[in-house]
Amino acid sequence: MSPQRNNVVIGIDDVRTAATRLYGYVTDTPLLASPALDALCGAPVLCKAENLQRTGSFKVRGALNHVLSLTRAERAGGIIAASSGNHAQAIAWAARLASTYAVVVVPADAPHVKVQAARELGAEVYHYARGGEDRDTIVAELARQRGLAIVPSANSERVIAGGGTVAAEILARSDEVSTLVVPVGGGGLAAGCAVAAKALAPNLRVVGVEPEHGADTALSLREGRRVSIPTPVTIADGLTHSSPAPIPFAINQALLDQVVTVSDTEIVEAMAAAFTHLKAVVEPSGACALAAAICGRIEITSGTMGVVLSGGNIAWTTFRSLIDRAAAAGGDGGVPGLHARVGQQPAGRP
């Protein structure tokens, strides 16, 4: 797709400001690697372990950057956000750090483990019916009634800039990354990473990944405009958006090199691969980017793939049942296809 850089409303200076603001609050998560995973992907791979981030996902970067940039009066009035779960936890934690109050609007079918974590961090939880009620309308009305500051999950320059610190950290640790693979929900993480990556390494490719039944961004990019799809049904509960957020979409339209999709089965295989070869527990949404790498969706002729494992908030019972499903499908360590590719030692990894 041809760049339309006039649509890019933030730059690398915004990402650097976010990094400074977040310093000491968020974790500079490690890059994980495994020769066996390289063999699965057909290229060297470095996985950014945001599953080890505070509150268990990358979301805390954008949420906290937004909250800390509010005025003292805005913070004092409390904050509100809509979320499928991970942003809710991030908002609750950010509110605690800012000594304020948080309300999170979550779908009634959101994973209990995520909702409970937000409650334990002090947030008030407001449930709505996914597909039957508009969460943004609910947030706007509650914010008006109670004088709360809205912290979008994606549609905020400050949230996007916070997400961009993920890519900045990857490139600060490795100059071998030639392709960055990022999951896409509302689009904020992909947009922030694209802004940082294209500024720091202009030739680096940035590829977004969506579940095949939640491909609103891929469809919107093909149409050249934001489109809406029915509420997605996928195990990747954090990526069930019906339409990309406006600000991230404009950036992604300008800077993303490609968006690919993966099936739920492929996502589970990637979760099994992360557990087997990286000893990492990753939730379905967090495994989408790795799924694309393992399943050959990403073309790479040289260099290293940087893959964002965006979150790890999943109940152990759910994780176990999904891994059992992958194991039942056969393969090595519950990862189908490993035997067929092991021994293909990629260049650049001993």
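A residue is called buried when its relative accessible area is under 20%, and in this predicted model strand β10 is mostly covered by that criterion, since six of its six residues are buried. Both faces of β10 are covered, with Thr304, Gly306 and Val308 buried on one side and Met305, Val307 and Leu309 buried on the other. The strand has parallel neighbours: β2 is joined to β10 by five bridges, and alanine 49 stands opposite leucine 309 in β10. Strand β7, which comprises residues 177-183, also runs parallel to β10 and is joined to it by four bridges, with valine 177 placed opposite threonine 304.

When residues up to four places away in sequence are not counted, leucine 37 touches Cys47, Ala273, His277, Leu278, Leu290 and Ile294. In soluble globular proteins, nonpolar side chains tend to be buried together.

Helices α12 and α14 are also linked by aromatic rings. The structure holds one aromatic pair, formed by phenylalanine 275 and phenylalanine 319, whose ring centres are 5.6 Å apart and whose planes meet at 65 degrees, so the pair is edge-to-face. Because phenylalanine 275 lies in helix α12 and phenylalanine 319 in helix α14, the pair ties together parts that are 44 residues apart in sequence. Phenylalanine 275 is partly exposed, with a relative accessible area of 40%, whereas phenylalanine 319 counts as buried at 8% relative accessibility. Arginine 320, which is also found in helix α14, counts as partly exposed at 46% relative accessibility. The C-alpha atoms of arginine 320 and alanine 272 are 9.8 Å apart in space, although these residues are 48 apart in sequence.

Elsewhere in the chain, four strands form an open sheet in the order β5-β4-β3-β6, with parallel pairing. Strands β5 (124-128) and β6 (149-150) stand at the edges, each with a single partner strand, so one side of each is left without a neighbour in the sheet. Strand β3, made of residues 79-82, pairs with β6 in the parallel sense over two bridges, and isoleucine 80 stands opposite isoleucine 150 in β6. Helix α7 (residues 135-146) lies across β3, β4 (102-107), β5 and β6, and runs at about 170 degrees to β3.

Helix α5, spanning residues 86-97, is another element in contact with this sheet, as its buried residues pack against α3 (59-68), β3, β4 and α6 (112-120). The helix has twelve residues and reaches 17 Å from its first C-alpha to its last, close to the 16 Å expected at 1.5 Å a residue. Ten of the twelve residues of α5 are buried, so the helix is largely enclosed by the rest of the structure; among them are Asn86, His87, Gln89, Ile91 and Trp93. Following α5 is serine 99, which has a positive phi, near 55 degrees.

Conventions:
Residues are numbered from 1 along each chain as its sequence is written. This is a predicted model: local features need pLDDT of at least 70, side-chain atom pairs count only at pLDDT 80 or more; totals for chains, interfaces and linings use all residues. Side-chain values use heavy atoms; hydrogens and water are left out. Contact means heavy atoms within 4.5 Å. Two strands pair if DSSP finds at least two bridges between them. Axes are lines fitted to C-alpha atoms, for helices over the stretch in contact, and angles run from 0 to 180 degrees between N-to-C directions. Rings of Phe, Tyr and Trp (its six-membered ring) pair if their centres lie within 6.5 Å; planes under 30 degrees apart count as stacked, over 60 as edge-to-face and the rest as tilted. Buried means under 20% relative accessible area, exposed over 50%, partly exposed in between (1.4 Å probe, protein chains only). The expected span of a helix is 1.5 Å times one less than its number of residues.
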